[in-house]
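This report describes helix packing and ligand contacts. Please consult the sequence and the model alongside the text.

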Amino acid sequence: MKTVVVCGAGGFIGHHLVRRLKAEGCWVRGVDIKRPEFSKSAADEFRLLDLREPKNCAKAVTLVNGQVVDEVYQLAADMGGMGFIHAAECEIMHNSMLINVHMTHAAATLGVKRYFFSSSACVYRNMQIGEPEMDESGAYPAMPDNEYGWEKLYSERMAMAYGRKYGMTVRIARFQNCYGPEGTWRGGREKAPAAICRKVACAPDGGEIEIWGDGTAVRSYTYIDDMIDGIVLLMKSDLEGPVNIGCPQYVSVRELVQTVADVAGKRVTIRSVPGPVGVMSRNFSNARIESIGWRSRFDLRSGIERTYPWVLEQCRKAGLVRN
Ligand code: NAD
């Protein structure tokens, strides 16, 4: 039986990934500084470890018999939506860098054979609306829009360097925005889809919701099941170097709001307020991940149809919505 560790298993993508790897028949250890918030982890073993500490990274990859796990999926990060990325630059650079420095080193030097690293579309520069598709090589010359992107870029390079030196197979995915049930939906770390689902859920029919900026910025939003498919396929593949994974449907923030409102069956108007908007546009090629058979199965509407009811339920439980 394949033995794997998922770092960040208490978080959104890691929690879903644990479920998938279990369903595929792996023995799974989940590691995080916290347990999953919304449902019990499917992991065979869940260990609370702070991966900023080198000794904890070694513990994370070592089995009770002293051998190391077959595969590491590194998704632990100090992470959030655009508001958090701008407000917590130092925390992101400090904490996520320590996690990646020590985790990559521990995995490679202790003899792990396969290592997955979760990078981000934030490694790319700002794009203008209508620019042609950019492939993975477009990350260089490097000019990420924020410090989170710089940290990811450095960690990608470190993982590849350790892979070369120690013979560890490294797979790197650059995720677009990912959303779905059991993602952070409030508290300041939530991303746009969850935040907009919450705002629409809390607004009366005909009400107004606030968004940062004028809502013309363009993004791709990837439903969690598609992202998990991509991670699992990529890890089994022979694709070297970073690989984009993202829904090929690009929409403005206004279109995102409209989609959520349609799914909720509400009319809402938008009020633009100043805030950290991030880059103007994204338009990335999925040719590499598609070359190994990945296809996005969920467009924005079908992903929101699965996500909005869950956010609505959370709002009800929290007393933010009455009926
Ligand atoms: P998340 O915040 O839900 O999960 C990250 C997990 O890492 C959290 O549970 C957190 O507790 C854990 N963590 C933080 N510090 C830790 C530490 N010191 N030791 C151990 N665990 C620690 O985020 P997510 O959305 O599941 O993202 C997973 C990965 O994917 C991250 O690396 C993130 O940067 C990347 N990513 C996510 C998105 C997205 O849209 N969700 C987009 C691009 C990249």
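## Packing of H2 and H4

Helix H2 passes helix H4 in a right-handed crossing (the near helix is turned clockwise from the far one by less than a right angle). Helices here are DSSP runs of H or I with at least four residues, numbered from the N terminus. By class, the H2 contact with H4 has eight nonpolar, one polar and no charged residues; Ala, Val, Leu, Ile, Met, Phe, Trp, Tyr, Cys and Pro count as nonpolar, Asp, Glu, Lys and Arg as charged, and the others, Gly among them, as polar.

On the H2 side, Pro54, Cys57, Ala58, Ala60 and Val61 meet His102, Met103, Ala106 and Leu110 of H4, contact being heavy atoms within 4.5 Å.

## Basis of the model

The model is predicted: local features need pLDDT of at least 70, side-chain atom pairs count only at pLDDT 80 or more, and totals for chains, interfaces and linings use all residues. Residues are numbered from 1 along each chain as its sequence is written, and side-chain values use heavy atoms, with hydrogens and water left out.

## Ligand surroundings

The ligand is surrounded by 27 residues, each with a heavy atom within 4 Å of it. The closest are Ile13, Asp32, Asp50, Tyr148 and Cys178.

An oxygen atom of the ligand lies 2.8 Å from a backbone N or O atom of isoleucine 13. A polar backbone atom of cysteine 178 is 2.7 Å from an oxygen atom of the ligand. For leucine 51, a polar backbone atom is 2.9 Å from a ligand nitrogen atom. Such polar contacts are pairs of N or O atoms within 3.5 Å.

Methods
Helix = DSSP H or I, 4+ residues; strand = E, 2+ residues; numbered from the N terminus. Polar contact = N/O pair within 3.5 Å; in protein donor to acceptor, adjacent residues only side chain to side chain.
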